[in-house]
Amino acid sequence: MMNVVELTSGILKLGEGRDRRKAAGILVMIVISSLVETAGVASIAPFLAVVTTPEAIGKNVAVSFLYHFLGAGSVLTFQIYLGIGTAGMIVFSNGVASLTLWLMCRFIYTQRLLLGCRLFGIYLAQPYLYFLQHSTIDLARNVYDEVPRVINGVVLPTFNVIAKSFSII
(Lines give C-alpha, C1' and ligand atoms only; values in the text may rest on other atoms or scores of the structure.)
Protein backbone atom coordinates (compact mmCIF):
# COMPACT_ATOMS: atom_id res chain seq x y z
CA MET A 1 0.00 0.00 0.00
CA MET A 2 1.26 3.46 -0.92
CA ASN A 3 2.13 5.86 1.88
CA VAL A 4 1.39 9.58 1.85
CA VAL A 5 4.93 10.59 0.84
CA GLU A 6 4.91 8.32 -2.23
CA LEU A 7 1.42 9.51 -3.15
CA THR A 8 2.44 13.17 -2.79
CA SER A 9 5.56 12.71 -4.92
CA GLY A 10 3.45 10.92 -7.55
CA ILE A 11 0.98 13.78 -7.57
CA LEU A 12 3.77 16.33 -7.92
CA LYS A 13 5.05 14.44 -10.98
CA LEU A 14 1.76 15.23 -12.73
CA GLY A 15 2.61 18.93 -12.85
CA GLU A 16 5.35 20.88 -14.54
CA GLY A 17 8.21 22.78 -12.84
CA ARG A 18 6.24 25.91 -12.03
CA ASP A 19 3.34 23.84 -10.72
CA ARG A 20 5.67 21.85 -8.48
CA ARG A 21 6.97 25.07 -6.96
CA LYS A 22 3.41 26.23 -6.37
CA ALA A 23 2.58 22.91 -4.72
CA ALA A 24 5.65 23.21 -2.50
CA GLY A 25 4.58 26.75 -1.61
CA ILE A 26 1.13 25.51 -0.68
CA LEU A 27 2.65 22.78 1.49
CA VAL A 28 4.71 25.47 3.27
CA MET A 29 1.54 27.53 3.69
CA ILE A 30 -0.18 24.47 5.17
CA VAL A 31 2.61 24.14 7.75
CA ILE A 32 2.40 27.85 8.61
CA SER A 33 -1.38 27.64 8.84
CA SER A 34 -1.12 24.67 11.19
CA LEU A 35 1.32 26.51 13.44
CA VAL A 36 -0.85 29.64 13.55
CA GLU A 37 -3.96 27.54 14.18
CA THR A 38 -2.19 25.78 17.06
CA ALA A 39 -1.15 29.13 18.52
CA GLY A 40 -4.74 30.35 18.25
CA VAL A 41 -6.07 27.36 20.14
CA ALA A 42 -3.24 27.56 22.68
CA SER A 43 -4.06 31.21 23.39
CA ILE A 44 -7.39 30.18 24.90
CA ALA A 45 -5.87 28.39 27.91
CA PRO A 46 -4.16 31.42 29.54
CA PHE A 47 -7.29 33.50 29.03
CA LEU A 48 -9.50 30.89 30.68
CA ALA A 49 -6.99 30.45 33.51
CA VAL A 50 -6.96 34.19 34.28
CA VAL A 51 -10.75 34.51 34.02
CA THR A 52 -11.48 31.55 36.29
CA THR A 53 -8.70 32.21 38.83
CA PRO A 54 -7.16 35.68 38.77
CA GLU A 55 -4.43 34.40 41.10
CA ALA A 56 -2.96 32.63 38.06
CA ILE A 57 -1.37 35.96 37.10
CA GLY A 58 1.12 35.63 39.95
CA LYS A 59 1.61 31.87 39.61
CA ASN A 60 2.37 31.62 35.89
CA VAL A 61 5.62 33.29 34.81
CA ALA A 62 4.50 33.95 31.22
CA VAL A 63 1.13 35.39 32.26
CA SER A 64 2.81 37.50 34.97
CA PHE A 65 5.31 38.85 32.42
CA LEU A 66 2.47 39.69 30.04
CA TYR A 67 0.54 41.39 32.86
CA HIS A 68 3.47 43.65 33.68
CA PHE A 69 4.43 44.16 30.02
CA LEU A 70 0.95 45.39 29.11
CA GLY A 71 0.91 47.66 32.15
CA ALA A 72 -2.61 46.66 33.11
CA GLY A 73 -3.71 48.63 36.16
CA SER A 74 -6.10 45.97 37.42
CA VAL A 75 -6.91 42.32 36.96
CA LEU A 76 -10.13 43.21 35.14
CA THR A 77 -8.23 45.38 32.65
CA PHE A 78 -5.73 42.56 32.06
CA GLN A 79 -8.59 40.09 31.54
CA ILE A 80 -10.08 42.41 28.92
CA TYR A 81 -6.71 42.81 27.17
CA LEU A 82 -6.17 39.05 27.24
CA GLY A 83 -9.69 38.41 25.92
CA ILE A 84 -9.20 40.84 23.04
CA GLY A 85 -5.80 39.30 22.28
CA THR A 86 -7.24 35.78 22.34
CA ALA A 87 -10.16 36.74 20.09
CA GLY A 88 -7.76 38.51 17.72
CA MET A 89 -5.49 35.47 17.60
CA ILE A 90 -8.41 33.17 16.81
CA VAL A 91 -9.69 35.50 14.07
CA PHE A 92 -6.17 35.74 12.62
CA SER A 93 -5.70 31.94 12.68
CA ASN A 94 -9.06 31.44 10.98
CA GLY A 95 -8.07 33.99 8.34
CA VAL A 96 -4.79 32.21 7.65
CA ALA A 97 -6.61 28.84 7.51
CA SER A 98 -9.16 30.29 5.07
CA LEU A 99 -6.45 31.76 2.87
CA THR A 100 -4.60 28.44 2.86
CA LEU A 101 -7.75 26.53 1.94
CA TRP A 102 -8.54 28.99 -0.85
CA LEU A 103 -5.00 28.75 -2.28
CA MET A 104 -5.07 24.97 -2.04
CA CYS A 105 -8.44 24.65 -3.80
CA ARG A 106 -7.45 27.18 -6.44
CA PHE A 107 -4.24 25.27 -7.17
CA ILE A 108 -5.96 21.88 -7.26
CA TYR A 109 -8.77 22.95 -9.57
CA THR A 110 -6.30 24.75 -11.84
CA GLN A 111 -4.37 21.49 -12.03
CA ARG A 112 -7.62 19.74 -12.90
CA LEU A 113 -8.10 22.09 -15.85
CA LEU A 114 -4.47 21.82 -16.98
CA LEU A 115 -4.45 18.02 -16.73
CA GLY A 116 -7.67 17.80 -18.77
CA CYS A 117 -6.23 20.15 -21.39
CA ARG A 118 -2.97 18.18 -21.56
CA LEU A 119 -4.86 14.91 -22.00
CA PHE A 120 -7.09 16.46 -24.65
CA GLY A 121 -4.01 17.84 -26.43
CA ILE A 122 -2.45 14.38 -26.44
CA TYR A 123 -5.61 12.98 -28.00
CA LEU A 124 -5.65 15.71 -30.66
CA ALA A 125 -2.03 14.93 -31.58
CA GLN A 126 -2.89 11.31 -32.43
CA PRO A 127 -3.19 10.19 -36.04
CA TYR A 128 -6.61 9.60 -37.58
CA LEU A 129 -6.15 5.82 -37.35
CA TYR A 130 -6.03 6.10 -33.53
CA PHE A 131 -9.58 7.50 -33.50
CA LEU A 132 -10.80 4.71 -35.76
CA GLN A 133 -9.47 2.13 -33.29
CA HIS A 134 -10.73 3.83 -30.09
CA SER A 135 -14.18 4.94 -29.13
CA THR A 136 -14.42 8.72 -29.05
CA ILE A 137 -16.93 8.40 -26.24
CA ASP A 138 -14.30 6.68 -24.10
CA LEU A 139 -11.75 9.35 -24.97
CA ALA A 140 -14.16 12.14 -24.06
CA ARG A 141 -15.09 10.31 -20.85
CA ASN A 142 -11.41 10.16 -19.91
CA VAL A 143 -11.12 13.92 -20.26
CA TYR A 144 -14.44 14.97 -18.74
CA ASP A 145 -15.07 12.25 -16.15
CA GLU A 146 -11.80 10.58 -15.19
CA VAL A 147 -9.68 13.71 -14.71
CA PRO A 148 -12.13 15.23 -12.19
CA ARG A 149 -12.39 11.85 -10.49
CA VAL A 150 -8.60 11.68 -10.09
CA ILE A 151 -8.41 15.25 -8.81
CA ASN A 152 -11.39 14.98 -6.44
CA GLY A 153 -10.67 11.40 -5.38
CA VAL A 154 -6.88 11.45 -5.03
CA VAL A 155 -5.26 14.89 -5.18
CA LEU A 156 -7.72 16.86 -3.04
CA PRO A 157 -7.94 14.20 -0.29
CA THR A 158 -4.13 13.91 -0.25
CA PHE A 159 -3.74 17.64 0.30
CA ASN A 160 -6.41 17.48 3.02
CA VAL A 161 -4.63 14.59 4.76
CA ILE A 162 -1.37 16.52 4.66
CA ALA A 163 -3.05 19.62 6.05
CA LYS A 164 -4.77 17.71 8.86
CA SER A 165 -1.59 15.76 9.64
CA PHE A 166 0.30 18.98 10.28
CA SER A 167 -2.56 20.21 12.46
CA ILE A 168 -2.37 17.05 14.57
CA ILE A 169 1.40 17.27 14.95
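Keep in mind that the model is predicted.

I'll start with helix H2. H2 covers residues 17-42, which is 26 residues. From its first C-alpha to its last, the helix reaches 38 Å, close to the 38 Å expected at 1.5 Å a residue. Several positions along H2 are buried, among them Ala 23, Ile 26, Ile 30 and Val 36.

The largest nonpolar core has 13 residues. Ile 26 and Ile 30 are among those with the most contacts inside this core, together with Met 104, Phe 107, Ile 108, Ile 151 and Phe 159. Which elements give two or more residues to this core? They are H2, helix H6, residues 75-124, and helix H8, residues 136-168. H8 supplies the largest share, six residues.

Next, the aromatic rings. The structure holds four aromatic pairs. One of them joins Tyr 67 and Phe 78, edge-to-face, with 5.1 Å centre to centre and 85° between the planes. Tyr 67 sits in helix H5, residues 61-70, and Phe 78 in helix H6, so this pair links distant parts of the chain, 11 residues apart. Is this pair buried or exposed? Tyr 67 counts as buried because its relative accessibility is 16%, under the 20% cut-off. Phe 78 is buried too, at 0% relative accessibility. Elsewhere, Tyr 123, Tyr 130 and Phe 131 form one aromatic cluster.

Now the charged side chains. How many salt bridges are there? The count comes to three. Asp 138 meets Arg 141 at 3.3 Å, N to O. Arg 141 also forms a salt bridge with Glu 146, where the closest N and O atoms are 3.3 Å apart. Glu 146 in turn meets Arg 149, again with 3.3 Å from N to O. Asp 138, Arg 141, Glu 146 and Arg 149 are therefore linked in a network of salt bridges.

The spacing along helix H8 is worth a look. Asp 138 and Arg 141 are three residues apart in H8, so about one helical turn separates them. Glu 146 and Arg 149 also lie in H8, three residues apart, about one turn of the helix. In general, an α-helix has 3.6 residues a turn, so residues three or four places apart point the same way.

Arg 149 counts as exposed because its relative accessible area is 54%, over the 50% cut-off.

Last, the cysteines. The structure holds zero disulfides. Cys 105 is partly exposed, at 25% relative accessibility. Cys 117 is also partly exposed, at 46%.

How values were computed. Residues numbered from 1 in each chain as written. Predicted model: local features only at pLDDT ≥ 70, side-chain atom pairs only at ≥ 80, totals over all residues. Heavy atoms only, no water. Disulfide = S-S within 2.5 Å. Buried < 20%, exposed > 50% of the residue type's maximum accessible area, 1.4 Å probe, protein only. Helix = DSSP H or I, 4+ residues; strand = E, 2+ residues; numbered from the N terminus. Expected span 1.5 Å × (residues − 1). Core = buried A, V, L, I, M, F, W, Y, C linked by side-chain atoms within 4.5 Å. Phe/Tyr/Trp six-rings, centres within 6.5 Å; stacked < 30°, edge-to-face > 60°. Salt bridge = Lys/Arg side-chain N within 4 Å of Asp/Glu carboxyl O.
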